Amino acid sequence: MNLTQRPEWTSLKNHLETMSHLQIADLFEADPDRGTNLTAESAGIYLDYSKNRISVETLKLLFGLADALELRQKISAMFSGEPLNNTENRSVLHTALRAPVGSEIFVDGVNVVPAIQAVLERMAKFSDDLRSGRWKGATGSKIAHVVNIGIGGSDLGPHLCYDALRHYSDRSITLHFVSNVDGTDITETLRELNPEETLFIVASKTFTTQETMANARTARDWLVDKVGESAVASHFVAVSTNAAEVSRFGIDTANMFGFWDWVGGRYSVDSAIGLSLMIAIGEKLFRDFLAGFHAMDRHFQSSRWDQNLPVLLGLIGLWNNNFLGAESVAILPYDQYLNLFPAYLQQLDMESNGKSVTKSGERVSYQTGPIVWGQPGTNGQHAFYQLIHQGTKLIPCDFIAFSQSLNPCGLHHDLLMSNFFAQTEALAFGKSHEELQLEGCNPELIPHRTFTGNRPTNSILIEKLTPFSLGALIALYEHKVFTQGVIWGINSFDQWGVELGKVLASRITPELESINEPELKHDSSTNTLIKRYRQQKQT
């Protein structure tokens, strides 16, 4: 049955007519305890969702939709290793990566947990050797710089987490991240590095990813030119499953850390893709990071809907998207360490749920994944909050903050947090024409200074940014994305949309490199652009 034809969907659509006449302020006036009633907490994460355009009846109807689409059963299917990724016939088991020692999770009749723990133990030994100085470069120097070369989840995941947890990192080792095939990225990264003190982690499941391997070869040439061919074995390790290609590159396969096809790239930071993070923070804190993921996993599996943080975020987001007509969501972390969190969630959400067909291949007739964007507060307040407060577009926002600062500095944290609290209050309640009149505002300015309010926000408050809380926060959004994918009936775990451009690029590259004028068989625009590029790059 088409989603929009389900009785539960129709009930929500009818309910919208009632809610459209209510303001968030009306909902608070009707229930003075709304700010404590519409909250949930788990794994150290406190969610206040009271400043949304929802009522208790809205939630009841959304929970009914989730039940009708068997969300609970789909959650169990994911955790048990069923092949939910139907277009690639793969299990979806990133949750197994953070399962405790002794757990049993089966794929094709094999318990995968011992293999996961074996990789973690190898990662721990390697990172400890590097941090202690036992692992040395080709000339006997201690490694002081680690360059992670990857793209997508093989870059954004570890890069986000290194930035987020830099407070806990070993400052004698600096991490760098190279992802863009633009030569500027690798060139500027290498410019200030000493090759004798630099280790490269090449992160590519297939070891054939175009951007990653181009950067890896450039890094290899740089190292060999300065230290010699024999240095490759001491200065390169791989995160991959393709031993033949790793060996061909010159990396000892003893220094290859593997993962599995049931781990999607954007869900892989808690696999061997997180090797650079373990080097930075050490094995113990990395395992705390995994424990945070696992705590949220257990909560998602077992909690009733009205207390289930990922389900609440997912269903409220669906209400905003499909019924209130919001097309985007802003992620606004009030912590500079989470500078990359909006970008990380862009990939997690938009690559997962940016789909226009159902799992059975039928075209959808409703909005699926939202546009995800954002920036840390308070910088965003001086950039785009004007549009959120007074613009013509409805933009739901997730505000994320920590009660304790990792860097106490005078009044800084209270100033930061006062803005965190003030923004959600202003977005919810606004400022009316009447209030401005009472304040004696110039009548000509009243239309410009009126805030309509009624703009939905979630507030996520956590005691302190730690490896555990970061793991729980990432898992919260992983499961939010899963929840929405189940409701929309789409496959959240493939990404065919990135393939066509790659295929066409592989055909165009020889045309750009050809010494002789190539025969171009593209459209007139692409042909003209290629000709112009070839002319200009030679002058």
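Phe-482 and Phe-493 are both buried, where buried denotes a relative accessible area under 20%, exposed over 50% and partly exposed in between, for a 1.4 Å probe and protein chains only. The model is predicted, so that local features require a pLDDT of at least 70 and side-chain atom pairs a pLDDT of 80 or more, whereas totals for chains, interfaces and linings use all residues. Residues are numbered from 1 along each chain as its sequence is written, and side-chain values use heavy atoms, with hydrogens and water left out.

Across the whole structure, 26 aromatic pairs were found. Rings of Phe, Tyr and Trp (its six-membered ring) form a pair if their centres lie within 6.5 Å; planes under 30 degrees apart count as stacked, over 60 as edge-to-face and the rest as tilted. The ring centres of Phe-286 and Phe-289 are 5.7 Å apart and their planes stand at 55°, so this pair is tilted. Both residues belong to helix α12 (residues 275–302), where three residues, about one turn of the helix, separate Phe-286 from Phe-289. Helices (H or I, at least four residues) and strands (E, at least two) are DSSP runs, numbered from the N terminus. Phe-286 and Phe-289 are both buried. For Phe-482 and Phe-493, the centres are 6.2 Å apart and the planes at 40°, so that pair is tilted. Because Phe-482 lies in helix α19 (residues 467–488) and Phe-493 in the loop between α19 and α20 (499–513), the pair ties together parts that are 11 residues apart in sequence. Ring pairs also link Tyr-334, Trp-373, Phe-384, Tyr-385, Phe-399, Phe-420 and Phe-421 into a cluster.

Charged groups were also located over rings, the criterion being that NZ of Lys or CZ of Arg is within 6 Å of the ring centre and within 35 degrees of the ring normal. Arg-34 lies over the face of Phe-28, at 5.5 Å from the ring centre.

On a 1 Å grid over the protein atoms alone, a cavity is a set of points where a 1.4 Å probe fits but cannot get out; a pocket is an open set with protein on both sides within 12 Å along at least five of seven lines, and lining residues have an atom within 4 Å of a point. Grid points are joined across faces, edges and corners, and a volume is the space filled by probe spheres set on the points.

The largest pocket has a volume of about 970 Å³. Its lining comprises 37 residues, of which Thr-209, Gly-265, Gln-495, Val-498 and Lys-502 lie nearest the centre. By class, this lining has 10 nonpolar, 17 polar and 10 charged residues; Ala, Val, Leu, Ile, Met, Phe, Trp, Tyr, Cys and Pro count as nonpolar, Asp, Glu, Lys and Arg as charged, and the others, Gly among them, as polar.

The second largest pocket has a volume of about 440 Å³. Among the 24 residues lining the second largest pocket, Thr-358, Val-486, Trp-488, Gly-489 and Ile-490 are the closest to its centre. Helix α19 provides the largest share of this lining, five residues.

Three cavities of 30 Å³ or more were found in the whole structure. The largest cavity has a volume of about 150 Å³, and α13 gives the most to its lining, with five residues.
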